[in-house]
Amino acid sequence: MQQQHGLGQQTQGQSIPQFNRGGHEIFEAHEIIQCTINLLDNYTIYRSFVKDQELMGILDRQSAYIRTQYDLTVECFKSGQKPSQETEPYLIPQMKQPVYGMQQQGQAKKPAASQAEINDAVISTLMLNIVKPHASALARSATEVVNPVVRRVLASQSQNFVEMAYELFEYQNVRGYYQLPQLPGQDMHAMLNEFAPSMGGNQGMGMGQTH
C-alpha cells in the first residue's frame, strides 16, 4: 500500500504534456514521414545511374527541396506548433510546352535485364512513380490530421509534389519517354461540352433574396 501511495504521488507530481492531436493522425504522420525518408533514399540510389545533366539537375533540386520539407514536417509534428520556416513553393525553373500526339515508336518497352540497361528514361520514370503517389498520400493524410499546423503543412506540400511530378512529366514528354495521345477532334469537342453550369450561370445567385 505504501508503494502504491508513493507511486501515485510521483505520477501526480510529474508534468504531463498536453498533446493537441489525435491518435489516428500520429499514425498518418508517422507513415508520411517514413515515406518521405524512403523517397529521399531512392533519390540517393537513382543519382548514381543518371547520365543526363538536366535530369541530374532535377533530381538534385527536388531532393534538396524534399529535405527541407522533411525537416519542417518533423519539426511541426513534434511540437504541434508553427515551424520556424514557412513552406516555400516548389517552382519549375523553365516551363516547356507539352508535346501532344504519339510520335514514332522505337523498340517496345520491356523490363531491364541488367543494371547496364538502366538509363535516364528508366530513372525519370522511377522518380515520377514515387513522387505522384506521395502527392496523393500527403493530401489524404492532411484530411486525417486534427492539428491545424500539421494539417496545413501536409496540404501545402501536396501541391508542391504535384509540381515536382509535372516537372518530371515535362522532362519525359519532350524526349518522347512519356507520350501524350489526344482524342480525335470531334470526340474531344463532345467531351469538353458534356457538362453545363448547375444553375444556368449566375441565375441562381439571387436565390433567397426578397424584393
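## Around H134

Modeller: H134 lies in helix 4; helices (H or I, at least four residues) and strands (E, at least two) are taken as DSSP runs and numbered from the N terminus. The model is a predicted one, in which local features need pLDDT of at least 70 and side-chain atom pairs count only at pLDDT 80 or more, while totals for chains, interfaces and linings use all residues. Residues are numbered from 1 along each chain as its sequence is written, and side-chain values use heavy atoms, with hydrogens and water left out.

H134 has a relative accessible area of 5%, so this residue is buried. Buried stands for under 20% relative accessible area, exposed for over 50%, and partly exposed for what lies in between, with a 1.4 Å probe and protein chains only. Apart from neighbours within four places in sequence, H134 is in contact with I32, C35, T36, L39 and F161, where contact means heavy atoms within 4.5 Å. With T36, the side chain of H134 also forms a polar contact of 3.2 Å. A polar contact is a pair of N or O atoms within 3.5 Å; within protein, one atom must be able to donate a hydrogen and the other to accept it, and residues adjacent in sequence count only if both atoms are side-chain atoms.

The helix that carries H134 can be described next. Helix 4 runs over residues 120-142 and has 23 residues, with 33 Å from its first C-alpha to its last, close to the 33 Å expected at 1.5 Å a residue. That expected span is 1.5 Å times one less than the number of residues. At the start of helix 4, a side-chain oxygen of N119 comes to within 3.2 Å of the backbone nitrogen of A121.

Setting aside neighbours within four places in sequence, F161 touches L39, I66, V131, H134, A135 and L138. Y43, M127 and F161 have the most contacts inside the largest nonpolar core, which has 37 residues; such a core is a set of buried Ala, Val, Leu, Ile, Met, Phe, Trp, Tyr and Cys residues joined through side-chain atoms within 4.5 Å. Two or more residues each come from helix 2 (23-47), helix 3 (53-79), helix 4 (120-142) and helix 5 (148-174). Helix 3 gives the largest share, 9 residues.

What lies 9.7 Å from H134, C-alpha to C-alpha, and 23 residues away in sequence? This is Q157, a residue of helix 5. Q157 counts as buried because its relative accessibility is 4%. Its side chain makes a polar contact of 2.7 Å with the side chain of T73. Beyond its neighbours within four places in sequence, Q157 is in contact with Q69, L72, T73, T87 and L138.

Charged pairs also link parts of the chain. The whole structure holds 7 salt bridges, each a side-chain nitrogen of Lys or Arg within 4 Å of a carboxyl oxygen of Asp or Glu. One of them joins the side chains of E28 and R140 at 3.7 Å, N to O. E28 lies in helix 2 and R140 in helix 4, so this pair ties together parts 112 residues apart in sequence. E28, at 11% relative accessibility, counts as buried, whereas R140 is partly exposed at 38%.

Another salt bridge, R175 with E54, has an N to O distance of 2.6 Å. R175 is in the loop between helix 5 and helix 6 and E54 in helix 3, 121 residues apart. Through shared partners, salt bridges join D52, E54, K96 and R175 into one network. Both R175 and E54 count as partly exposed, at 30% relative accessibility.

As for the whole chain, the secondary structure comes to 6 helices and 0 strands. Of the 211 residues, 30% are buried. Among contacts with a separation of 6 or more, 79% are between residues 24 or more positions apart.
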